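Please read the report below alongside the sequence and the three-dimensional view. It moves from the overall layout to individual residues.

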Amino acid sequence: MPHRMADQQWEAQNGSLSPDEARARGLCWCCSGNGALYSAHGGERITAPCPERCDNGKARR
Ligand SMILES: [Zn+2]
């Protein structure tokens, strides 16, 4: 499956921060400061707006 690694690389954009780490940095816990969530299935890449409706990845105050 040539698409497999590309899917993983796409999803790697979500970052590796845990929700607690993201909060500690003033970032949205849900999207780790990206403002969006990335997922991919079989080479189809999906960018979804953060469901927390954060301010471009910044934690809401
Ligand atoms: Zn967010």
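This is a predicted model: local features need pLDDT of at least 70, side-chain atom pairs count only at pLDDT 80 or more; totals for chains, interfaces and linings use all residues.

Residues are numbered from 1 along each chain as its sequence is written.

**Overall layout**

The chain contains two helices and two strands, these elements being DSSP runs numbered from the N terminus, with helices (H or I) of at least four residues and strands (E) of at least two. Read from the N terminus, their order is α-α-β-β. The C-alpha trace spans about 45 × 20 × 10 Å along its principal axes. Of the 61 residues of the chain, 11% count as buried; a residue is called buried if 20 or more other C-beta atoms lie within 10 Å of its own, exposed if 12 or fewer, and partly exposed in between, with C-beta atoms placed from the backbone. Contacts are pairs of residues whose C-beta atoms, placed from the backbone, lie within 7 Å, and among those in the chain between residues at least 6 apart in sequence, 44% join residues at least 24 apart.

Ala40 belongs to strand S1, and its bridge partner in S2 is Arg45. Ala40 counts as partly exposed because it has 18 C-beta neighbours inside 10 Å. Leaving out residues up to four places away in sequence, Ala40 touches Asp7, Trp10, Glu11, Arg45 and Ile46.

Trp10, in helix H1, takes part in the contact with Ala40 and also touches Tyr38 and Arg45, neighbours within four places in sequence being left aside. Trp10 is partly exposed because 19 C-beta neighbours lie inside 10 Å.

**The core and the loop between the helices**

Which residues make up the largest nonpolar core? This core consists of five residues, namely Ala22, Leu27, Cys28, Cys31 and Cys54; a nonpolar core is a set of buried Ala, Val, Leu, Ile, Met, Phe, Trp, Tyr and Cys residues joined through C-beta atoms within 7 Å. Cys54 touches Cys28, Cys30, Cys31, Gly35, Ala59 and Arg60, when residues up to four places away in sequence are not counted.

Gly15 is located in the loop between helix H1 (3-11) and helix H2 (19-24). Gly15 is partly exposed because it has 15 C-beta neighbours inside 10 Å, and it touches Ser32 and Asn34, not counting residues up to four places away in sequence.

The table lists C-alpha separations for three residue pairs.

| Residue pair | Separation in sequence | C-alpha to C-alpha distance |
|---|---|---|
| Gly15 and Cys31 | 16 residues | 8.4 Å |
| Trp10 and Ala40 | 30 residues | 6.7 Å |
| Ala40 and Asp55 | 15 residues | 24 Å |

**The segment after S2**

Arg53 lies in the segment after S2, and its phi is near 55°, a positive value in a residue other than glycine. Is Arg53 buried or exposed? Arg53 counts as exposed because it has 9 C-beta neighbours inside 10 Å.

Asn56 is also placed in the segment after S2, and although Asn56 is not a glycine, its phi is positive at about 50°. Asn56 is exposed, because 11 other C-beta atoms lie within 10 Å.

Key. Two residues are in contact if their C-beta atoms, placed from the backbone, lie within 7 Å. Two strands pair if DSSP finds at least two bridges between them.
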